[in-house]
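My entries follow in the order I made them.

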Amino acid sequence: MTEAYATIVFLFVLFALLGSSIWIGLALMGVAWVGLELFTSRPAGDAMITMIWTSSSSWTLTALPLFIWMGEILYRTRLSQDMFRGLAPWMRWLPGGLLHTNIAGCTIFAAVSGSSAATLTTVGKMSIPELRARGYPEYMIVGTLAGAATLGLMIPPSLTLIVYGVSINESIIKLFMAGIIPGLVLAGLFMSYIIAWHFIKPGQRPAPEPSMSLGEMLAESRFLIPVLLLVFAVIGSMYFGWATATEAAAVGVLGSLTLAAFQRSLTLETFGASLMGATRTSAMIALILMGAAFLSLSMGFTGLPRALAAWIDEMNLSPITLIAALTVFYIILGMFLDGISSVVLTMAIVEPMIRQAGIDVIWFGIFIVVVVEMAQVTPPIGFNLFVLQGMTRHEISYISKTAIPMVGLMLLMVVILVIWPELATWLPNNIRQSPG
C-alpha cells in the first residue's frame with residue numbers, strides 16, 4: 001500500500017507542477033522534495049545538494065555543451081547551401097528526385113549536430129525554397145523534412161543518447177555507435193517512402209532536372225568534402241578509439257570553427273550568438289538532469305522502483321510485450337513532453353524494469369530514441385511541428401498530417417529493431433575503446 005500511495009502522490013505533485021507551467025527541472029526537484037519529506041526520514045535539503053552536485057560534476061556531461069556548441073556554430077555557417085549543392089547532382093537520378101536531399105541532408109547534418117531542431121532548421125532553410133521552386137508537392141516537402149530531421153536524435157552525436165547514458169551510467173561511445181546503423185536504416189525507410197510516392201503519384205512529379213556530366217557532378221561534390229571530413233573526425237575518432245566522447249566533441253568544435261572561418265561566416269557576432277545559444281540549451285538540459293537525479297534518489301529511498309520491478313517480474317511479461325507497452329506509453333508521454341524530459345523523467349522507474357526483463361540497455365537506448373523521435377512530430381507538443389510552422393507558415397494540423405507516414409515508418413523501425421536487435425548491438429560490441 002505504501003508504494004501505491006507514494007505513486008499517487010508522486011504523480012499528483014508532478015502533474016500539478018507541470019500544469020502550472022513551471023520549468024521541468026524545477027518540477028522534478030519539487031516532486032523529489034515532497035517524496036523525501038513524506039516518505040523518508042532523510043533531510044531533503046542535504047540530499048538535494050549532494051545529488052545535484054554529484055550529477056552535474058560528471059565528466060561525461062562535458063561532451064553535452066561541446067556538441068551543442070558545435071551544432072550552433074554550423075547552424076550559422078553556409079553549410080546548408082553547400083550541402084544542397086553537393087547532394088543535388090547525386091539525388092536527381094533517384095525516383096523521387098531532389099526530395100531525397102531532405103533525407104540525405106538531415107542524415108549528414110545529424111552526424112555533426114545532435115539536435116533535431118538544429119538539423120531541421122539548417123537543412124530546411126535551404127531545401128524548402130529550392131524544392132518549392134522546382135515544383136515538388138508541398139506536403140512531400142514538409143512531411144519528409146519533419147521526419148528526416150528526427151534523425152538528429154539518433155545518429156551520433158545525439159544529445160538524447162548522452163542524457164540517456166548519463167541517466168543509466170552507460171558508455172556514451174557505445175550508445176553513439178549503436179545509433180549509426182539504425183539511423184541509416186531509418187533514413188533508408190524515409191527514402192523508400194519517397195520512391196513509393198514517385199511511382200504511386202506520377203502526376204505529381206515535377207519536370208525532370210537538366211542532365212549533368214559526370215565531371216560536373218564530381219565538381220559540385222567538392223562542397224560536401226568539409227562536412228564529411230568533420231563527420232569522420234568526430235565519429236571516426238570515437239570508433240577507432242582515438243578519442244573519448246568528450247575529446248571527440250572538442251575536436252568537433254575546433255573543426256566547426258575552422259569550417260566557419262574558411263567559409264568566412266565566422267564573425268564576432270556569430271561567434272557570440274553560437275556561444276550564447278549553446279549556453280542556454282546546455283543550462284536547460286543541465287537543470288532537467290539535476291532534477292531527474294534528485295528524483296531518482298528520492299524514488300530510490302521510497303523503494304518505488306524496486307517494488308515496480310518486482311511487480312513486473314511477477315506478471316511474467318515477455319520482453320516483447322513489455323516493449324510494446326512501453327512504446328504506447330512513450331508515444332502518449334511524448335505528446336506532452338519533449339524527448340529529453342521524457343527520458344530523464346522515466347528512467348528511475350523504467351531502468352529496473354528493463355534490467356529485470358533482461359533487455360539490453362544499449363539496445364533499449366536506441367529503442368527509446370526511436371519512440372522519442374515520434375514525439376517530435378506528434379501534436380500537441382511536437383517541437384519539430386512548431387519549427388516547421390515558423391518556416392513554412394502552415395497550420396500545425398496540416399504539418400501533422402504530412403508527417404503521419406513518417407510516424408508510421410518509425411513504428412516500423414521499432415518492429416525492425418525487435419526482430420533484428422543486432423542492428424543496434426553489433427557495432428558497440430566491435431569498437432576499439434579509447435584508453436582515455
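**Salt bridges**

I started with Arg134, which counts as partly exposed because its relative accessibility is 29%; the class covers what falls between buried (under 20% relative accessible area) and exposed (over 50%), with a 1.4 Å probe and protein chains only. The model is predicted, so I note its limits: local features need pLDDT of at least 70, side-chain atom pairs count only at pLDDT 80 or more, and totals for chains, interfaces and linings use all residues. Residues are numbered from 1 along each chain as its sequence is written, and side-chain values use heavy atoms, with hydrogens and water left out.

I found Arg134 in a salt bridge with Glu130, at 2.5 Å from N to O. A salt bridge here is a side-chain nitrogen of Lys or Arg within 4 Å of a carboxyl oxygen of Asp or Glu. Glu130 has 22% relative accessibility and therefore counts as partly exposed.

I counted the salt bridges in the structure and got three. Another joins the side chains of Arg132 and Glu138, at 2.6 Å from N to O. Arg132, at 36% relative accessibility, is partly exposed.

I then looked up Glu351 and Arg355, whose closest N and O atoms are 2.9 Å apart in a salt bridge. Both residues sit in helix α17 (residues 339–356), four residues apart, about one turn of the helix. Helices are DSSP runs (H or I, at least four residues), numbered from the N terminus. Glu351 counts as buried because its relative accessibility is 19%, whereas Arg355 is partly exposed at 43%.

**α18 and α20**

I next checked helix α18 (residues 361–376) against helix α20 (residues 396–419): the packing angle is about 165 degrees and the axes are 9 Å apart. Axes are lines fitted to C-alpha atoms over the stretch in contact, and angles run from 0 to 180 degrees between N-to-C directions. The two helices are therefore roughly antiparallel, a term for angles over 145 degrees.

I listed the contacts (heavy atoms within 4.5 Å). Residues of α18 including Trp363, Phe367 and Glu373 meet residues of α20, among them Met410, Leu411 and Leu417. By class, this contact has 13 nonpolar, no polar and one charged residues. Nonpolar covers Ala, Val, Leu, Ile, Met, Phe, Trp, Tyr, Cys and Pro; charged covers Asp, Glu, Lys and Arg; the others, Gly among them, are polar.

Conventions: Parallel < 35°, antiparallel > 145°, perpendicular 65-115°, else oblique.
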